[in-house]
Amino acid sequence: MAQSIEKNRQKNVVTNAVPGFLPGDDAVVAFDNVSLGYGGSREAHLSDANYILKSLSFQLPAGSFHFLTGPSGAGKTSLLKMIYLAQPPSAGRISLFGETVNSSDRAQIARLRSKLGIVFQEFRLLEHLNVFDNAALPLFVHGQPFRQYRDDVSELLSWVGLKNQLQAMPHVLSGGEKQRLAIARAVVTRPTLILADEPTGNIDYAMGLRIMRLFVELNRLGATVLIATHDESLVRASGMPVLELKDGHIFRRDLNATVPS
Ligand SMILES: Nc1ncnc2c1ncn2[C@@H]1O[C@H](COP(=O)(O)OP(=O)(O)OP(=O)(O)O)[C@@H](O)[C@H]1O
Ligand SMILES: [Mg+2]
């Protein structure tokens with residue numbers, strides 16, 4: 001039994017030959033034989049055995065929605081970090097929006113990152129800003145006038161259940177409230193690519209489904225979405241395809257369930 005599961009896994013390992021991952025011009029993210037070890041980037045002494053992620057080749061087509069799963073320590077956060085250009089690969093090539101990333105080109109990195117919305121596993125809220133200002137920060141930084149974004153930000157914060165805490169400071173929020181604020185801040189600019197690291201890790205199932213609907217809606221509006229999660233029940237409820245990390249490799253798993261309405 002275990003052997004046949006393992007055989008199936010091997011068959012489903014994501015390569016450019018797997019349907020849905022055929023090389024295409026519309027890939028928002030493309031990994032080409034990407035490996036990662038934490039001994040230093042591109043250092044010769046790192047052998048394949050030392051890599052946390054090994055020769056990953058996959059693409060996220062524009063407008064796709066995937067979950068990223070795998071046991072704790074499998075490398076989900078590390079994979080997301082490489083996508084948002086905070087961690088250069090030890091080997092291989094990464095393209096974002098059709099551009100090969102050059103990890104020493106700071107201007108390119110800033111430009112590509114401006115199209116991303118990221119929900120960090122540890123939230124990264126600014127402690128001296130209240131809920132509204134934390135959520136509005138990306139728009140403020142882009143120079144949008146307050147009167148233009150005030151209503152949108154309030155509406156988004158209502159959606160994630162924070163409408164009564166607009167003036168609260170982060171240190172008084174519960175873990176789940178911080179998480180929902182981090183989600184609002186990540187999507188407030190309507191990013192082209194949304195990366196979320198355990199976005200429902202601190203919230204109850206009903207709120208988790210609501211947050212999922214937000215991601216699904218943003219996906220329907222055109223965003224490409226990748227969500228790292230341990231939450232199998234949410235994965236099953238959404239029925240979206242899964243990329244699974246195991247032993248440094250990536251596998252594709254499709255589920256046939258209904259999207260929560
Ligand atoms: N900066 C770092 N330096 C050295 N090792 C690291 C670093 N970041 C992560 N690691 C190691 O890489 C492995 C993968 O970590 P990562 O955080 O990517 O896993 P994860 O799948 O996100 O786990 P979790 O589900 O617990 O969040 C772990 O063994 C971790 O200890
Ligand atoms: Mg993680």
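Predicted model: local features only at pLDDT ≥ 70, side-chain atom pairs only at ≥ 80, totals over all residues.

How do the two helices lie relative to each other? Helix α4 covers residues 131–141 and helix α6 residues 175–187; their axes come within 7 Å and cross at roughly 30°. Angles under 35 degrees count as roughly parallel, and α4 and α6 are therefore roughly parallel to each other. The crossing of α4 past α6 is right-handed.

Let me turn to the open sheet. Six strands make up this sheet, in the order β6-β7-β8-β3-β9-β10, and the pairing is mixed. At the edges stand β6, residues 116–119, and β10, residues 249–253, each of which pairs on one side only. On average, and with direction ignored, neighbouring strands of the sheet are turned by 20° against each other.

Within this sheet, β9, residues 242–246, runs antiparallel to β10, and five bridges join the two. In that pair, Val 242 is placed opposite Arg 253 of β10.

Which helices pack on the sheet? One of them is α2, residues 76–83, which touches β3, β7, β8 and β9, and whose direction makes about 155° with that of β7. Another is α7, residues 205–220, in contact with β3, β7 and β8; its direction makes about 155° with that of β8.

I come next to strands β1, β4 and β5. Strand β1, residues 27–36, and strand β4, residues 91–96, are antiparallel and joined by five bridges. Here Ala 30 has Ser 95 of β4 opposite. Strand β4 also pairs with β5, residues 99–100, in the antiparallel sense, over two bridges. Leu 96 is found opposite Glu 99 of β5. Two residues lie between the strands of this β4 and β5 hairpin, in which Phe 97 adopts a positive phi near 50°.

Finally, the ligand. Which residues surround ligand 1? The shell consists of Tyr 38, Ile 52, Gly 70, Ser 72, Gly 73, Ala 74, Gly 75, Lys 76, Thr 77, Ser 78 and Gln 121. By class, the shell around ligand 1 holds three nonpolar residues, seven polar and one charged.

Thank you for your attention.

Terms used:
Residues numbered from 1 in each chain as written. Chains lettered and ligands numbered in written order. Pairing = 2+ DSSP bridges. Helix = DSSP H or I, 4+ residues; strand = E, 2+ residues; numbered from the N terminus. Axes fitted to C-alpha atoms, helices over the stretch in contact; angles between N-to-C directions. Parallel < 35°, antiparallel > 145°, perpendicular 65-115°, else oblique. Left-handed = near helix turned anticlockwise from the far one by under 90°. Near = placed C-beta within 6 Å. Nonpolar A, V, L, I, M, F, W, Y, C, P; charged D, E, K, R; others polar. Contact = placed C-beta atoms within 7 Å.
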